[in-house]
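Me: I am new to this structure. Please take one part and look at it closely. Which residues pair up by charge, and where do they sit?

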Amino acid sequence: MHAAAENRAGYVLDLGTSQPQPIRRLLDVPTRTRLIGPFYDPRDDASYHMSGGSLASWFDVVVHTQEVTPSRPLP
């Protein structure tokens, strides 16, 4: 993470743009991640993992925020 990003409440990282080589290697290596959407059953946590691909192959952007709240229907 860039030092300036440490002071931000959130940020968006565009995975399709050119990145410094150390970051590009991190984004391209096979990884495992946990995805929790609007429905989550903690008794079946293993179902919410993806592995084998890279962040750059799965996603266009990564969005980071300091606070996460439960989803709710739009009015």
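What follows is a close look at the salt bridges and their surroundings.

Reply: Start with the setting. This is a predicted model. The protein chain has 2 helices and 4 strands. Along the sequence they follow the pattern β-α-β-β-α-β. Buried residues make up 12% of the 75 residues.

Now the pairs. Side chains of opposite charge can pair when their charged atoms come close. The count here is 3 salt bridges.

Take R24 and D28. They form a salt bridge, with the closest N and O atoms 3.2 Å apart. Both belong to helix 1, and because they are 4 residues apart there, about one helical turn separates them. Their surroundings can be told apart by accessibility. R24 has a relative accessible area of 17%, so it is buried; the cut-off for buried is under 20%. D28 stands at 42%, so it counts as partly exposed.

Setting aside neighbours within four places in sequence, Q19 is in contact with L13, D14, R24 and L27. Q19 lies in the loop between strand 1 (10-14) and helix 1 (21-28). Its relative accessibility is 16%, so Q19 counts as buried too. The side chain of Q19 also makes a polar contact with the side chain of T17, at 3.1 Å.

Next come R34 and D45. Their side chains meet in a salt bridge at 3.7 Å, N to O. This pair links distant parts of the chain, 11 residues apart. R34 is in strand 2 (residues 32-34), while D45 is in the loop between strand 2 and strand 3 (49-51). R34 has a relative accessible area of 46%, so it is partly exposed. D45, at 23%, counts as partly exposed as well.

That leaves R43 and D41. Their side chains meet in a salt bridge at 2.9 Å, N to O. R43 reaches 77% relative accessibility, so it counts as exposed; exposed means over 50%. D41 has a relative accessible area of 24%, so it is partly exposed.

V12 lies in strand 1. At 56% relative accessibility, V12 counts as exposed. For the protein chain, the accessible surface comes to about 6300 Å², and 56% of that belongs to carbon and sulfur atoms.

Terms used:
Residues are numbered from 1 along each chain as its sequence is written. This is a predicted model: local features need pLDDT of at least 70, side-chain atom pairs count only at pLDDT 80 or more; totals for chains, interfaces and linings use all residues. Side-chain values use heavy atoms; hydrogens and water are left out. Buried means under 20% relative accessible area, exposed over 50%, partly exposed in between (1.4 Å probe, protein chains only). A polar contact is a pair of N or O atoms within 3.5 Å; within protein, one must be able to donate a hydrogen and the other to accept it, and residues adjacent in sequence count only if both atoms are side-chain atoms. Contact means heavy atoms within 4.5 Å. Accessible areas come from the Shrake-Rupley method with a 1.4 Å probe; for residues, only the protein chains shown count as cover. A salt bridge is a side-chain nitrogen of Lys or Arg within 4 Å of a carboxyl oxygen of Asp or Glu.
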